[in-house]
Amino acid sequence: MRHTTQFLLSATAAAQFPAPSVAEIAFLGRSNVGKSSLLNAMVGEKAARVSSTPGRTRAINFFLVSDSHSSKRTVFADLPGYGYAKISKSISAEWPAFIEPYLAERKTLALCVCLVDACVPPRPNDRQLLDWLRAQGRPLQVVATKVDKLSGNERTRNLAALKEGLGTHGILAVSAKTGRGIPELWRAIAEAQESE
Ligand code: GTP
Ligand code: MG
């Protein structure tokens, strides 16, 4: 699949969100988990900035992604990472105030792609976010990133631990580096759009 990607805008307040139109896919997860890298790997170009300093993105960056073959258009939303400041106890304490209403109320939000690092054991703040999204009734897809760093055995072991710790069965193993899992993630997005 070939895509063209257009950066729409960077929002730091609800008033700045683009007018709701096509189905939106949100990429969320802790700082440095690989949100921007995955988004870039999905569209096949460097649309989103990959950070050298984790935790710097404090805005939601919106991108319009167009399928070159069909007329299908999707908005990707690259969300600020959480969990970088070790002192904060809850997600909401460190996330900018406009993120929670975005996730709770955005009408066009079709799927939350929730990223966790395949090399890191399950973390309470990831579980907290997933439970909160479930309580909101938001469709979500958990994705384990950076699987290129693991051997086959490690991958199996870590994915089992993540499933257990995060209370989810369907974790998709992906790598922005090798492209592993990218077609499967596109399929999950297409399914979420169809069930809108
Ligand atoms: P914030 O915007 O700060 O929240 O970070 P992010 O979640 O957008 O992460 P980003 O995409 O900037 O990547 C963080 C670091 O992880 C970078 O050094 C990337 O090169 C690296 N990285 C991301 N994805 C992969 C992957 O699939 N494999 C490997 N080996 N490294 C990756
Ligand atoms: Mg980023």
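Does R127 count as buried, partly exposed or exposed, and what is its relative accessibility? At 31% relative accessibility, R127 counts as partly exposed. Welcome to a few close-up views of this predicted model.

**Figure 1. R127, D131 and R134 are linked in a network of salt bridges.** Let us stay with R127 for a moment. Its side chain meets that of D131 in a salt bridge, at 3.2 Å from N to O. D131 also forms a salt bridge with R134, and here the closest N and O atoms are 2.9 Å apart. Helix α4 covers residues 124–136, and because D131 and R127 are four residues apart in it, about one helical turn separates them. D131 and R134 are three residues apart in helix α4, so they too are separated by about one helical turn. D131 is partly exposed, at 33% relative accessibility, and R134 is partly exposed with a relative accessible area of 32%.

**Figure 2. A salt bridge joins E24 and R106.** The closest N and O atoms of this pair are 2.9 Å apart. E24 belongs to strand β2 (residues 24–29) and R106 to the loop between α3 and β5, so the pair ties together parts that are 82 residues apart in sequence. Look at how the two residues sit: E24 is buried, with a relative accessible area of 1%, and R106 is buried as well, with 8%. Across the whole structure, a search finds five salt bridges.

**Figure 3. F62 and Y102 form an edge-to-face ring pair.** Seven aromatic pairs are counted in the model. In the pair shown here, the ring centres of F62 and Y102 are 6.1 Å apart and the planes stand at 70°, which is over 60 degrees and therefore edge-to-face. F62 lies in strand β3 (residues 60–67) and Y102 in helix α3 (residues 99–105), so this pair ties together parts that are 40 residues apart in sequence. Both F62 and Y102 are buried. Ring pairs also link these two with F17 and F98 in a cluster.

**Figure 4. The largest nonpolar core has 34 residues.** You will meet F62 and Y102 again here, as they are among the residues with the most contacts inside this core, a group that also includes L28, I60, L79 and L103. Strand β5 (residues 109–117) gives the most to this core, with four residues. Now find L103: leaving aside its neighbours within four places in sequence, L103 is in contact with L28, L79, W95, L109, C112, W132, L133 and R138. A second, separate core has 24 residues, among them V33, L39, A48 and A192.

Note on methods:
Residues are numbered from 1 along each chain as its sequence is written. Chains are lettered from A and ligands numbered from 1 in the order in which they are written. This is a predicted model: local features need pLDDT of at least 70, side-chain atom pairs count only at pLDDT 80 or more; totals for chains, interfaces and linings use all residues. Side-chain values use heavy atoms; hydrogens and water are left out. Rings of Phe, Tyr and Trp (its six-membered ring) pair if their centres lie within 6.5 Å; planes under 30 degrees apart count as stacked, over 60 as edge-to-face and the rest as tilted. Helices (H or I, at least four residues) and strands (E, at least two) are DSSP runs, numbered from the N terminus. Buried means under 20% relative accessible area, exposed over 50%, partly exposed in between (1.4 Å probe, protein chains only). A nonpolar core is a set of buried Ala, Val, Leu, Ile, Met, Phe, Trp, Tyr and Cys residues joined through side-chain atoms within 4.5 Å. Contact means heavy atoms within 4.5 Å. A salt bridge is a side-chain nitrogen of Lys or Arg within 4 Å of a carboxyl oxygen of Asp or Glu.
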